[in-house]
Structure formats: structure tokens, C-alpha cells
Amino acid sequence: MSIISCINERRSIRSYKDEPISEKIINELLELGTKAATGSAMEPWGFVVIQDKEEIKKLSEEIKKHLVENFDKFPYLKQYKNWVENPKYNVFYDAGTLVIIYGNTDSHWNIYDCSLVAGNIMLGAYEMGIGSCWIGFGEYILNTKEFKEKYGVPENYHVVCPLTLGYMKIKPKPSVRKSPVIFNKK
């Protein structure tokens with residue numbers, strides 16, 4: 001598959017087969033991720049990989065509980081209140097793999113660099129038939145002192161991208177986007 005085809009076809013996936021991704025493939029995807037551009041050559045990324053579905057489900061429940069208790073602090077999330085209050089809703093869509101990309105805050109460029117890492121992982125995964133979805137809700141628990149201590153994440157690393165990975169149940173049609181807005185176009 002060409003990179004252009006991959007960019008044109010890749011979509012966020014929220015429905016996964018119950019088929020584990022091998023450690024070899026996960027490591028290959030992380031290696032592809034770290035080929036991303038990096039400001040000042042600092043390579044400020046670090047990863048936590050969780051492949052225990054029960055642990056992922058437990059994290060989902062913690063996130064939902066936290067959000068329900070704190071919706072007043074997150075007015076931009078109110079549109080998702082019904083999702084989060086639904087006992088069947090899993091924040092991570094029952095994915096078998098959760099890759100959490102952390103950025104070293106010693107680098108001013110960490111958010112940009114780690115976002116590029118996430119993009120590389122998502123495109124590489126798609127070429128391998130693996131779906132992915134950036135899970136914004138994840139940031140509310142994955143940056144806590146308790147979580148970071150449990151998984152050995154240094155204090156100066158901040159979560160940038162919680163990313164679910166799994167083999168796709170279905171391959172959706174490519175998305176349709178608006179034309180680019182070019183401000184200086186006459």
C-alpha cells in the first residue's frame with residue numbers, strides 16, 4: 001500500500017476483533033513511530049503498552065467514574081455525558097491493546113513530536129490491517145501520579161496520546177473531508 005493510499009483510507013476504528021497483536025508487531029509499530037521528526041533532535045517520547053483486556057476495562061471504568069464526578073470541570077465534554085453514563089460503554093472500545101504515548105516535558109516540542117509518533121503508528125498499523133483510535137478521554141486518568149507510578153512513567157513525562165490498537169472487524173469507507181481552508185488564497 002502506498003503512503004498516499006494509507007493517508008486517504010485510514011479511519012479511526014472503534015470495533016475490534018478479539019485477536020491479540022503480537023509483541024513483535026507492537027515493537028515494530030513503536031519503532032515506526034519513533035522515525036517521526038523531532039524538534040531539536042530531543043526524541044522526547046516514551047510508551048506504556050497494556051495488552052490485558054481486564055486492565056484496559058478497569059481503566060475505562062475509572063475514567064468514566066472520574067468524568068461523571070467532574071463533568072462541571074469539563075464543559076467541552078458534556079456532549080458525551082450519555083456515553084460515559086452508559087454501563088456498556090468502554091472508553092477504549094474493548095480494544096486488546098492500549099499504547100500510551102508520553103512526552104518528556106523537558107522538550108518544548110514534546111506534544112508535536114509525540115503527535116507525529118502517533119501518526120506514524122496509526123498509518124503503519126493501518127497498512128498491517130490494524131485499526132487505531134486516539135482516545136482523548138484517556139488523559140484524565142493516565143496522567144495521574146498513581147498510574148504513572150504503577151507503570152514506571154517518570155514525573156516529567158505527560159500523556160500526549162492514548163491509542164487503541166486492534167485488528168479491524170470491518171474496514172470503513174474512506175472519510176470525506178472539507179477542502180483545505182487557505183487563508184492567503186485570492
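Q: Between which two elements does the loop holding serine 40 lie?
A: The model is predicted, with local features requiring pLDDT of at least 70, side-chain atom pairs pLDDT 80 or more, and totals for chains, interfaces and linings using all residues. Residues are numbered from 1 along each chain as its sequence is written, and side-chain values use heavy atoms, leaving out hydrogens and water. Helices (DSSP H or I, at least four residues) and strands (E, at least two) are numbered from the N terminus. On that basis, the loop with serine 40 lies between α2 (23-33) and β1 (45-50).

Q: Is serine 40 buried or exposed?
A: Relative accessible area decides the class: under 20% is buried, over 50% exposed, and in between partly exposed (1.4 Å probe, protein chains only). Because its relative accessible area is 57%, serine 40 is exposed.

Q: What is the phi of serine 40?
A: Most residues other than glycine have a negative phi. Serine 40 is not a glycine, yet its phi is positive, near 55°.

Q: Which phi does aspartate 94 have?
A: Aspartate 94 belongs to the loop between α4 (81-85) and β2 (97-104). Although this residue is not a glycine, its phi is positive, at about 60°.

Q: Which accessibility class does aspartate 94 fall into?
A: The relative accessibility of aspartate 94 is 45%. Aspartate 94 therefore counts as partly exposed.

Q: What is the relative accessible area of isoleucine 7?
A: Isoleucine 7 is part of helix α1, which spans residues 3-9. This residue is classed as exposed because its relative accessible area is 53%.
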